[in-house]
Amino acid sequence: MEHRTARIFLVEDSSDDEYFIRRAMSRLFPTIEIEVASNGFDAVQRISDPEFELPDLMLVDIRLPRVNGLE
């Protein structure tokens, strides 16, 4: 059975949290691609890009520098 690569966009400023999320997700999905933005401003810039392909899952930290996860 062929597995499709799962695509995740993670908005997280903590390298420790990023590590644990990557570890957990890699156990759930045989193949995974995780793109990370370390603050809300960079995340908004990235998703505003017309070339940005929607991920299967987006995880956003609420407390972020510059633009928080609720904004």
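N39 counts as buried in this predicted model, because its relative accessibility is 9% and a residue is called buried when that value is under 20%. N39 sits in the loop that connects strand β2, residues 32-37, with helix α2, residues 40-48. The points below begin with this loop residue and then turn to the chain as a whole, its sheet and its helices.

**The loop residue N39**

- From its place in the loop between β2 and α2, N39 extends its side chain to the backbone nitrogen of F41, at 3.0 Å.
- When residues up to four places away in sequence are left aside, N39 touches V11, L64, P65 and R66, and one of these, V11, is itself a buried residue of strand β1.

**The chain as a whole**

- The chain contains two helices and three strands, and, read along the sequence, these elements follow one another in the pattern β-α-β-α-β.
- The C-alpha trace spans about 45 × 30 × 15 Å along its principal axes, and 27% of the 71 residues in the chain count as buried.
- Among contacts between residues at least 6 apart in sequence, 77% join residues that are at least 24 apart.
- The accessible surface of the chain comes to about 5,300 Å², and carbon and sulfur atoms account for 51% of that surface.

**The sheet**

- The three strands here form an open sheet in the order β2-β1-β3, and the pairing is parallel.
- Strands β2 and β3, the latter being residues 57-60, stand at the edges with a single partner strand each, so one side of each has no neighbour in the sheet.
- From one strand to the next, the twist averages 20°.
- Strand β1, residues 6-11, is joined to β2 by six bridges, and the two strands run parallel; within this pairing, A6 stands opposite I32, while F9 stands opposite E35.

**The helices and the crossover**

- Helix α1, residues 15-28, lies across β1, β2 and β3, and α1 runs at about 160° to β2.
- Helix α2 likewise lies across β1, β2 and β3, and α2 runs at about 140° to β1.
- On its way from β1 to β2 the chain passes through α1, and this β-α-β crossover is right-handed.

- S15 and S38 are 23 residues apart along the chain, and their C-alpha atoms are separated by 8.9 Å.

How values were computed: Residues are numbered from 1 along each chain as its sequence is written. This is a predicted model: local features need pLDDT of at least 70, side-chain atom pairs count only at pLDDT 80 or more; totals for chains, interfaces and linings use all residues. Side-chain values use heavy atoms; hydrogens and water are left out. Helices (H or I, at least four residues) and strands (E, at least two) are DSSP runs, numbered from the N terminus. Buried means under 20% relative accessible area, exposed over 50%, partly exposed in between (1.4 Å probe, protein chains only). A polar contact is a pair of N or O atoms within 3.5 Å; within protein, one must be able to donate a hydrogen and the other to accept it, and residues adjacent in sequence count only if both atoms are side-chain atoms. Contact means heavy atoms within 4.5 Å. Two strands pair if DSSP finds at least two bridges between them. Axes are lines fitted to C-alpha atoms, for helices over the stretch in contact, and angles run from 0 to 180 degrees between N-to-C directions. Accessible areas come from the Shrake-Rupley method with a 1.4 Å probe; for residues, only the protein chains shown count as cover. A crossover is right-handed if, with the strands pointing away from the viewer, the path from the first strand over the helix to the second runs clockwise.
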